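Thanks for coming. I will go through one structure today, starting with its rings and ending with a helix.

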Amino acid sequence: MKVSLITVTFNSGKTLSDTIQSVFAQSNADIEYIIIDGLSEDNTIEIINEYEPLFQGRLRWISEKDNGIYDAMNKGIRMATGDIVGIINSDDFYHRNDIIEKIVAEFQEDKLIQAIYGDIRFVNPNDLNKTVRYYSSGKFSPDLFRYGFMPAHPTFFTYREQFEINGYYKVDYKIAADYELLIRFLYVHRLRSKYIPIDFMKMRTGGVSTASFKSNILLNKEIVRACKENGIWTCIPLLLLKYLVKIFEFVITKNI
């Protein structure tokens, strides 16, 4: 079973090597790696060129103007030839080499499974061994979308054909197109999904959706919109409850 992993880059030179190395180190060799670059102006392309020969034809990339991160993700999915598709961000990395192997095994074991997701660790950008928050997707159910909860998007894997059937990321969203897509796949179309209770990857803190108070306001507005467009009632006050859960996630990392 072939897996297509997609990374979107733009001036990602500071972190991209970790991402690429973690993909290259995966024990499952049947991986197609696709990098979609948005005309980076730093050393991102140099890094891609450095690692490309190691993949022996399994790494494909393009560098061109895009209409934002979700447009770039869509490009990568449309380029993919694998059975399964997953997204790995340019500042994230798999911290163990058997993640893709485990995911493929789950899909092969149960042919009825249409999607898989797991947990992630948020780590300090200056100390990648220091976990500052642990996000578990284990208690997720489709009914929780109205409260602002979703499975960890970077851990979401599904069949490539599901994008052809149920649609791609909506490019008119700035931050929450991943949220809207997961609502569509898991709530509207009820893909049969399975949670794997392991942390798939490490994610550096400081991503787009958590970068500032202003971005959090936009995120919640887009979540309300995503829910409305897919037949789920919610409101901003209801979404604010999720921040209490986030505080708990920071607290429990002390015991991990």
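R78 lies over the face of Y168, 4.1 Å from the ring centre. A charge sits over a ring here if NZ of Lys or CZ of Arg is within 6 Å of the ring centre and within 35 degrees of the ring normal. There is another case: the charged end of R225 is over the ring of Y173, at 3.9 Å from its centre.

Before I go on, this is a predicted model, in which local features need pLDDT of at least 70 and side-chain atom pairs count only at pLDDT 80 or more, while totals for chains, interfaces and linings use all residues. Residues are numbered from 1 along each chain as its sequence is written, and side-chain values use heavy atoms, with hydrogens and water left out.

Now ring against ring. Rings of Phe, Tyr and Trp (its six-membered ring) pair if their centres lie within 6.5 Å; planes under 30 degrees apart are stacked, over 60 edge-to-face, and the rest tilted. That rule gives 13 aromatic pairs. Take F157 and F200: the ring centres are 6.4 Å apart and the planes are at 55 degrees, so this pair is tilted. F157 is in strand β8 (residues 157–159) and F200 in strand β9 (residues 193–204), so the pair ties together parts 43 residues apart in sequence. Helices (H or I, at least four residues) and strands (E, at least two) are DSSP runs, numbered from the N terminus.

Buried means under 20% relative accessible area, exposed over 50%, and partly exposed in between, with a 1.4 Å probe and protein chains only.

Y168 comes back in a cluster: ring pairs link Y70, F156, F163, Y168, Y169 and F185. F185 is in helix α6, and it is buried, with a relative accessible area of 0%. Leaving aside neighbours within four places in sequence, F185 is in contact (heavy atoms within 4.5 Å) with residues including F156, F163, R190 and L191.

Next, the nonpolar cores. A nonpolar core is a set of buried Ala, Val, Leu, Ile, Met, Phe, Trp, Tyr and Cys residues joined through side-chain atoms within 4.5 Å. How many residues does the largest one have? It has 38, and F163 and Y169 are among those with the most contacts inside it. Elements giving two or more residues to this core include β1, β2, α6 and α7. The largest share, eight residues, comes from α6. A second, separate core of 35 residues includes I48, F107, Y135 and Y159.

Last, helix α7. Its 17 residues should span 24 Å at 1.5 Å a residue, and its end C-alpha atoms are 25 Å apart, which agrees. The expected span is 1.5 Å times one less than the number of residues. The buried residues of α7 are S215, N216, L219, N220, E222, I223, A226 and C227. They cover an arc of only 165 degrees around the axis, which puts them on the same side of α7. That arc is taken from the directions from the helix axis to the C-beta atoms. An α-helix has 3.6 residues a turn, so residues three or four places apart point the same way. The face turned away from the buried side carries the exposed residues F213, K214, K221 and K228. After α7 comes G231, with a positive phi near 80 degrees.
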